[in-house]
Amino acid sequence: MKSDMIQQTQSILNLIAKRDLDDDEKKQLINETVDNFNEYINPGFLKYRKSFSPDYVAVEWADSGNTFTCVKGIEYIDCLGGYGIYNVGHRHPKVVKAVTDQLNRQALHSQELLDPLRGYLAKILAELAPGNLKYAFFTNSGTESVEGALKMAMLATGRRTVIAAVGGFHGKSLGALSATSKAVFRKPFLPSLHSMRHIPFNDLHALEQTLSCLQYTGDDAAAVLLEPILGEGGIIVPGDEYFPGVRRLCDKYGALLIADEVQTGMGRTGKMFCVEHWNVEPDILCLGKAFGGGVMPAGAFIGTEKLWSPIFSNPFLHTTTFGGNPLACAAAIATINVILEERLCERARTIGDIFLAKVKSTIKPYTPHLTIDARGKGLMMAIEFADTDVGFRVSKGLFKERVLVAGTLVNAKTIRIEPPLTITLEQVDVVITALGKVLKEIASEMKPQLIIEPIIKPIPVNILQQTVLSRQL
Ligand SMILES: *Cc1c(COP(=O)(O)O)cnc(C)c1O
């Protein structure tokens, strides 16, 4: 040990206990955080984050309501929503109270005595979830929910092949990663664990062909694993006939339908679960992200009695130490209470419609030079830009205007807007004003170039876009 570890850890504990920092402490915290990322986390992160530049470093310090505050005291409207974590807002008092009340009595479970909150939460989910979904297994993340769902599908059907979508994202552990579709994440780890087929999203013909070919070759599909709306894939909303069609085809070929609602669930799209928009009942529903109310990491997968019966006789076939712990269950129960009591599903629909309409009219003068499209459902929205460079400039510009959106240096062609469902109309207007200002600035910077070089820039058509185009035709 190079330094006095007791003193070092104690000084960090003192920092955690502080509510306010003086100027020297702020400076020290910012510098040390940058150094620690560079030296001990991964210097690569700093290169890609818009919160870091030579003249500007934002280190987070506090959050509440619909905003984050950095160490310097600058407040950001959160339109990133932690990629869908903060549906009930930041540190909702009811979620915080439930978790601290539980924490003050007992934090984690004994692993032998029966833990009551796990039972209550499972019962609540059974009543809340569509159709015959009944038994729940609790996890610590979305990835683990998908991982468990895949194992359950293999167990229940005795089959191995899983069909997922191009553009789909399901996590990065080896099992979930094989269902995730992007080459950049998969290629270094191929071959994937399971027999996996990726097909175009929103294309029933492709699904039926694949299911029937698999049946012919004896590689029968155990499950079709889909996000109801592609999140990481760029907020691709399928046609209304797609999910009912998927359900029908799954039944025809004896495959299970797994809905990955890790991002779309918990009210995000205007219904508690996105599949409810189409009255579709999946065989397994995966949850994560907002499930813990933005306070605790928590996830779950829920299935029918028929699916669960193989593990009745041996419940140890799939286990987790921390999944379903009392703090996580307390957070999830409070989250469900808040979503229902504050009517956040309705709110996501109403505010989402207004927000999207305003985004559309704001980007209109810049289409197709800078912007291509704005789309979404509820408060799961995205703006597509002419290219990654424009997207990154917009997300960086918005950041300077104190609005946080998704979009990194490498992945900003489509930036996601997923604010807390509690975002106010006043905050929506602040975001819209900032967006208009930033687009105007970028357009004026780019103008000379545009005049000399008229816009004949072809849009690269990848498979994902083909899917979007074929939907529009
Ligand atoms: C984020 C996400 C996951 C992975 O969840 P983690 O909590 O990051 O493990 C899986 N599926 C979807 C649809 C997601 O958006």
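Where is the place of Pro191? In this predicted model, Pro191 sits in the loop between α9 (183-186) and β8 (196-199); helices (H or I, at least four residues) and strands (E, at least two) are DSSP runs, numbered from the N terminus. Residues are numbered from 1 along each chain as its sequence is written, and side-chain values use heavy atoms, with hydrogens and water left out. Because the model is predicted, local features need pLDDT of at least 70 and side-chain atom pairs count only at pLDDT 80 or more, while totals for chains, interfaces and linings use all residues.

The peptide bond between Leu190 and Pro191 is cis, with omega near 5°. A cis peptide bond, with omega about 5°, also joins Thr367 and Pro368; Pro368 belongs to the loop between α14 (344-363) and β13 (371-377). Arg91, although not a glycine, has a positive phi of about 45°, and its place is in the loop between α4 (81-84) and α5 (93-103). Most residues other than glycine have a negative phi, and most peptide bonds are trans.

A polar side-chain atom of Lys289 is 2.7 Å from an oxygen atom of the ligand, and an N or O atom in the side chain of Gln263 is 2.8 Å from an oxygen atom of the ligand. The protein buries 82% of the 380 Å² that the ligand exposes when taken alone (Shrake-Rupley method, 1.4 Å probe; for residues, only the protein chains shown count as cover).

The axes of helix α10 (residues 204-217) and helix α11 (residues 242-253) come within 10 Å and cross at roughly 10°; axes are lines fitted to C-alpha atoms, for helices over the stretch in contact, and angles run from 0 to 180 degrees between N-to-C directions. The two helices are therefore roughly parallel (angles under 35 degrees).

Technical notes: Polar contact = N/O pair within 3.5 Å; in protein donor to acceptor, adjacent residues only side chain to side chain. Parallel < 35°, antiparallel > 145°, perpendicular 65-115°, else oblique.
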